[in-house]
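Take a walk through the inside of this protein. We begin with nonpolar packing and then turn to the aromatic rings.

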Amino acid sequence: MRLKTRNMQVLEFVLKILMVVGCWPPNSWTSLCKRTMYNAYTVFLMLLLFSFALAQLMDIILNVDNTDDFTETFYIMLAMIISCCKMIGLLVNRKNIGILTNILTEKPFVPLEADEIKIRHKFDKTIQANTLRYAILVEITCACGIVTSLFTHFRKGNLTYREWTPYNYTSDVVFCVIYTRQLINTFIGSMVNVGCDSLICGLLLYVCCQIEILECRLKKVYCQNDLRECVRQHNCIFKFAVMVNEKFKIIIAIQFVVSTLVVCSNLYQLARVTLNAQCFPLILYTCSMLTQILIYCWYGNEVKLKSVQLVTNIFGMEWLTMKENRKQTLLIIMNRALIPIEFSSAYILTMNLDSFVILLKTSYSAYNILQQTMQTT
């Protein structure tokens with residue numbers, strides 16, 4: 001059993017996705033040549049994303065002169081910007097991601113007993129299943145947009161998305177190159193989002209996993225000589241959670257802001273068009289964006305509930321029959337657990353379900369203001 005825990009992979013599926021989008025080099029690529037090739041691949045993907053986002057920003061600055069064109073370009077430009085920010089965040093934190101995943105394979109976090117290994121496998125499967133479902137939703141959204149574009153924009157000689165081009169693209173070859181580049185950018189951007197979101201939410205789930213393992217160890221209190229290791233583990237869980245929040249707080253904050261603006265923009269677009277095949281990709285994109293921020297809030301809320309529930313679970317133990325020193329040790333854990341583990345976006349907005357409701361209300365309020373502004377002009 002102990003051998004099995006040493007070989008246990010942490011966020012294996014998520015790291016493979018990050019590998020595809022140039023944010024996590026394969027562990028087997030240790031030679032200088034292979035590392036250089038992968039770094040060149042990373043730079044190439046970054047240039048694709050940044051050039052597309054810049055072209056759309058320039059389109060808004062130079063060409064857009066009405067609200068409809070603005071919202072048409074704005075929502076996809078925001079998606080590219082958040083993809084660029086997440087890619088930069090992942091590359092900057094590449095070393096920290098390695099540190100965080102290594103922490104989960106070392107004491108006191110590594111599961112030792114059969115029941116602890118079972119808990120760990122349960123959360124591993126949950127993280128992999130959630131990542132797969134999320135990836136399917138996002139890629140179905142991209143595929144739907146691509147198919148719709150092929151039957152509408154491409155046949156008419158129009159690009160899928162508006163962008164500023166300093167050259168003439170009426171030539172069939174140039175048009176096909178730009179059109180294909182836009183589709184590739186959409187796929188890369190979506191995969192960066194899937195990888196980054198799944199990574200952060202996976203780390204949140206591992207916090208829940210460690211609390212559950214701690215509860216499992218506390219239930220065996222009669223078989224242990226002391227509880228100091230449990231106190232140490234509980235303290236390490238808090239430190240791990242703070243480290244995760246600290247490394248990804250900027251990404252989370254940007255995600256909240258962008259999600260609010262995108263939902264507002266999409267609501268405006270959906271309100272002004274008739275229901276047809278072209279609306280379906282926009283509806284799916286809105287659902288994906290809401291899912292994107294919901295998973296942050298949902299698992300942030302789960303961590304908070306799990307950390308607070310620890311007090312109740314300890315109180316439910318047969319602590320009255322314990323020795324005085326063990327009671328004091330349990331009291332230390334309970335006092336610490338009274339302060340919930342909470343994740344926040346740059347220490348401004350807490351990641352929980354209340355924040356998700358606030359985001360929806362803010363988006364709808366912004367949409368109403370935009371609608372009223374359009375009616376008066």
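This is a predicted model. Start with the largest nonpolar core, which has 95 residues. Within that core, L218 and F248 touch the most other members. Helix α8, spanning residues 172-218, supplies the largest share of the core, with 20 residues.

Now look around F248. A second core stands separate and has 5 residues, among them L159, I178, Y179 and L183.

Next, the rings. There are 9 aromatic pairs in the structure. One of them joins W29 and Y38. Y38 is buried, because its 4% falls under the 20% cut-off. Ring pairs also bring in Y41, giving a cluster of W29, Y38 and Y41.

Move on to F52 and Y161. Their ring centres are 6.2 Å apart and their planes stand at 50°, so this pair is tilted. It links distant parts of the chain, 109 residues apart. F52 belongs to helix α3 (residues 32-62), while Y161 sits in the loop between α7 (153-156) and α8. F52 is buried, with a relative accessible area of 0%. Y161 is buried too, at 15%.

Finish with a charge and a ring. R336 lies over the face of F238, 4.2 Å from the ring centre.

Notes:
Residues numbered from 1 in each chain as written. Predicted model: local features only at pLDDT ≥ 70, side-chain atom pairs only at ≥ 80, totals over all residues. Heavy atoms only, no water. Core = buried A, V, L, I, M, F, W, Y, C linked by side-chain atoms within 4.5 Å. Buried < 20%, exposed > 50% of the residue type's maximum accessible area, 1.4 Å probe, protein only. Helix = DSSP H or I, 4+ residues; strand = E, 2+ residues; numbered from the N terminus. Phe/Tyr/Trp six-rings, centres within 6.5 Å; stacked < 30°, edge-to-face > 60°. Lys NZ or Arg CZ within 6 Å of the ring centre and 35° of its normal.
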